[in-house]
Amino acid sequence: MPLEGGTVLYAKPILECHPGHWFHKDAVIGRRDVAPLVQQAVNRSLPRGAAKVAIIEKGKVLMVRAARGITQGIWNLPGGFIGYGEHPSQSAQREVLEELGLHVKLKKLLGIYSETFRYTGGYMLSFVYLGTRRPGPIRPHPEEIETYDWIPVRTAARITPNPFARKGLRDYLKQRA
């Protein structure tokens, strides 16, 4: 796991039982007697969750380019991080509303995907839903979304560098075949 200040190896020990004197991950992050590098490594090893929605009409999917954050400037499905205590489906609907001003109805879960990112070592789970939009104009939030477009599904699956959007759109295409 590459981190500023060093590289941390991540491994799972093979143990018959968890030693009672070992700290649990959640406790390590806030301890003052633990090196900051170790705290960062433990924090990064905790999974992050995201939820996305594929809104498809007439063979095209609604894609966005974020104005900020880790997906800035790339074509992606609308969506974002799951909030604490939030169900992934609620998160997906909330994110589309925040980003595009659209209310969506989720039709089905296309898939749950996981990825360990090579450059950060971060681990993430993403829930990708197929949804339909409720009537109303698309109003991208200027601080969140740079632009949006309706892109043919096959093209969108090919051009997005986001692994979750790509996998979700490919699974949609497989289900349609």
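Buried means under 20% relative accessible area, exposed over 50%, and partly exposed in between (1.4 Å probe, protein chains only). By that scale K174 counts as exposed, because its relative accessibility is 61%.

This is a predicted model: local features need pLDDT of at least 70, side-chain atom pairs count only at pLDDT 80 or more, and totals for chains, interfaces and linings use all residues. Residues are numbered from 1 along each chain as its sequence is written, and side-chain values use heavy atoms, leaving out hydrogens and water.

**Salt bridges**

A salt bridge is a side-chain nitrogen of Lys or Arg within 4 Å of a carboxyl oxygen of Asp or Glu. The whole structure holds 9 of them.

| Pair | Closest N and O atoms |
|---|---|
| R133 and E57 | 2.7 Å |
| K167 and E115 | 3.2 Å |
| K174 and D171 | 3.9 Å |

K174 and D171 both sit in helix 5, 3 residues apart, about one turn of the helix. Helices (H or I, at least four residues) and strands (E, at least two) are DSSP runs, numbered from the N terminus. Elsewhere, salt bridges that share partners join E86, R94, E95 and E98 into one network.

R133 is partly exposed, at 29% relative accessibility. E57 is partly exposed too, at 29%. K167 counts as partly exposed at 31%, and E115 at 24%.

**A buried leucine**

L77 lies in the loop between strand 5 (75-76) and strand 6 (79-81). L77 counts as buried because its relative accessibility is 1%. Contact means heavy atoms within 4.5 Å. Not counting residues up to four places away in sequence, L77 touches residues including V53, V61, V128 and L169.
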